[in-house]
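Hi there,

Here is the structure I promised to pass on to you. Have a look at it first, and my notes follow below.

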Amino acid sequence: MDNSRISGSHRRAKKGNAGRIGLAGGLAGVLGIGAIAAAIVIVQHRHASSGSAGTAGGGTTVSGDATTAAAPKTGQALRVATADGYTYGVAAATGGTADQPLPKTETAPPSGSTYAYIDYVLTNTGTKPALLADPYPGDLFLPKSLVPAADQDRCMPQPGVKDGYCTLPNDSKIIAYLNGSTPPVTQNGSQFMPAGASYLVRVATNVPVSTTVKQSDLSLYVWQAVYIPDRKAVAVPFA
């Protein structure tokens, strides 16, 4: 990815997204002529951090290694909507740790550490194609105590999240198209989920965490302003 294109803060309101979503409303009517992309979108959620840690933002790139699969068992889905009328379901499937949860995106973690991830199902619950907005809805939170001391200043709290929990810089990627869903439609550089499509999305930290992390330590929340206007995080439970 060209890091020069990454700007802004993951924790700043996504004004650019609002404009893009507004444009997407006008594009939806002509999506039938768009080509079906053989690619998937990787959305990087980069948090701003204080002090010497610097600032990072979110961006998108294209990859082609998603698979097809049956929908996994999930907890109760959270329904969210954008100001332009796109509606989505977000349902947590599973979580855990891996030394490379997203191929080609992380370096090997330092000895004695690993990366945390959550898989969740993202569904376009509307009757028209829905914008794959940056950022994707789901964000991973974990106890700050399970983050190495050197990186704890990069783990950000959020209103509505459990006390002591925070979110690290992370990446999100579609890893499977579920129940026969087709890849996103591409129109004028933007990606849209076909009506009714469901994708398995993995959100994974790109900052190492303790190897003791397990699913019960992880929580999925939706809080970004494009989906939750007041940005007060809403939990998405596992089964």
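Let me start with Cys-155, which counts as buried at 3% relative accessibility; buried means under 20% relative accessible area, exposed over 50%, and partly exposed in between, with a 1.4 Å probe and protein chains only. Before going on, a word on the basis: this is a predicted model, where local features need pLDDT of at least 70 and side-chain atom pairs count only at pLDDT 80 or more, while totals for chains, interfaces and linings use all residues. Residues are numbered from 1 along each chain as its sequence is written, and side-chain values use heavy atoms, with hydrogens and water left out.

Back to the cysteine. Cys-155 is joined to Cys-166 by a disulfide, with an S to S distance of 1.9 Å; the criterion is a pair of cysteine sulfur atoms within 2.5 Å. The pair links distant parts of the chain, eleven residues apart: Cys-155 lies in the loop between β8 (138-143) and β9 (165-166), and Cys-166 in strand β9. The link is right-handed, with 90° about the S-S bond. Cys-166 is buried too, its relative accessible area being 1%. By the sulfur rule, the count comes to one disulfide.

As for the overall picture, the chain has one helix and 16 strands. Both are DSSP runs numbered from the N terminus: helices are H or I with at least four residues, strands are E with at least two. Of its 239 residues, 55% count as buried. Taking contacts (heavy atoms within 4.5 Å) between residues at least 6 apart in sequence, 74% join residues at least 24 apart.

Three bridges join β11 to β12 (residues 190-193), and Gln-187 stands opposite Ser-190 in β12.

Finally, where does Ser-198 sit? Its place is in strand β13 (residues 198-205), and Ser-198 is buried, with a relative accessible area of 14%. Leaving out residues up to four places away in sequence, Ser-198 touches several others, including Val-121, Tyr-177 and Met-193.

Best wishes

Technical notes. Pairing = 2+ DSSP bridges.
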